[in-house]
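Please read them with the structure open.

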Amino acid sequence: MPLSRALRRCQTLLGLPGRAFRHWTARPPELRLRGDQRGHGLRDSSHNAAYKHLANVGEKKTVICIEGNIASGKTTCLDYFATNTNIEVLTEPVSKWRNVKGHNPLGLMYQDATRWGITLQTYVQLTMLDHHTRTQISPIRMMERSIYSAKYIFVENLYQSGKMPEVDYVVLTEWFEWILKNINVSVDLIVYLQTSPETCYKRLKRRCREEEKVIPLEYLEAIHQLYEDWLIKQTLFKVPSPVLVLPADHDLEDMMEKYKENQDQILSLCNTQRNL
């Protein structure tokens with residue numbers, strides 16, 4: 001993090017007045033932290049929480065990203081960890097993608113990807129960057145997807161399918177490479193929910209999100225193949241962290257059991273990476 005930014009954060013955490021401090025105390029809807037468990041201090045007053053963070057400024061934080069196709073079960077996975085552990089959980093900021101001062105870039109992209117792909121993906125990259133750089137208030141943060149999959153999967157799919165002009169792709173790539181070079185967006189572990197496109201398609205139809213009604217099976221197949229090339233074959237782009245693969249074609253009850261069975265392994269893998 002640049003020194004000037006670090007100093008501004010310290011000023012904020014010390015409780016000095018100003019918009020930055022009000023931003024710190026605000027709790028965005030996509031941040032769900034298990035603070036209702038008594039005795040862990042995760043819902044101290046904002047001022048006390050700020051001092052606690054400042055005291056632990058040298059502590060290494062760990063970031064886990066849950067990756068997978070549309071309707072692969074990422075939200076269910078995050079719900080499990082939000083309910084059963086004390087880690088910090090950040091879901092995808094879909095509500096922001098649906099409403100930017102009254103505009104719905106997510107819906108527009110699905111209606112006309114060639115026209116609106118660059119608009120949505122620019123905003124996705126910005127909002128995911130915000131998640132990666134937001135002050136971390138728990139030793140372990142779990143995120144739904146990442147800035148990496150935004151670029152390596154969804155931007156790449158638009159470009160490979162001919163729906164994103166090369167100039168748009170090049171500009172987004174330049175921005176992405178600048179971010180990797182200048183800002184800490186490191187990830188310690190990727191949990192890949194490996195799900196067949198057919199399963200995702202059935203789930204997608206059941207949940208009936210308005211923007212997703214136009215998504216064909218072929219789109220899910222393309223996203224699946226990109227994920228496989230990136231995280232399994234590791235031939236598409238560099239993988240930023242170790243990958244834990246969880247088969248996720250099972251129903252909700254079975255998946256909750258799988259998360260319970262793998263909880264210790266996931267968190268111990270995080271600790272292993274943190275101690276390297």
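1. Beyond its neighbours within four places in sequence, V185 is in contact with L129, H132, I147, Y148, I179 and L180. This is a predicted model, and the contacts should be read as such. V185 itself sits in the loop that joins α9 (166-182) to β5 (189-194). Its relative accessibility is 3%, under the 20% cut-off, so V185 counts as buried.

2. M128 is 57 residues away from V185 along the chain, and the C-alpha atoms of the two are separated by 9.7 Å.

3. Most residues other than glycine have a negative phi. R145, which is not a glycine, has a positive phi of about 60 degrees. R145 is placed in the loop between β4 (140-144) and α8 (147-160). With a relative accessibility of 6%, R145 is buried.

4. Q234 also has a positive phi, near 55 degrees, and is likewise a residue other than glycine. The loop that holds Q234 runs between α11 (217-232) and β6 (243-247). Is Q234 buried or partly exposed? Q234 is partly exposed, because its relative accessible area of 46% falls between the 20% and 50% limits.

5. On cysteines: how many disulfides does a search of the whole structure find? The search finds zero. C65 is buried, at 0% relative accessibility. C77 is buried too, with a relative accessible area of 0%.

Technical notes
Residues are numbered from 1 along each chain as its sequence is written. This is a predicted model: local features need pLDDT of at least 70, side-chain atom pairs count only at pLDDT 80 or more; totals for chains, interfaces and linings use all residues. Side-chain values use heavy atoms; hydrogens and water are left out. A disulfide is a pair of cysteine sulfur atoms within 2.5 Å. Buried means under 20% relative accessible area, exposed over 50%, partly exposed in between (1.4 Å probe, protein chains only). Helices (H or I, at least four residues) and strands (E, at least two) are DSSP runs, numbered from the N terminus. Contact means heavy atoms within 4.5 Å.
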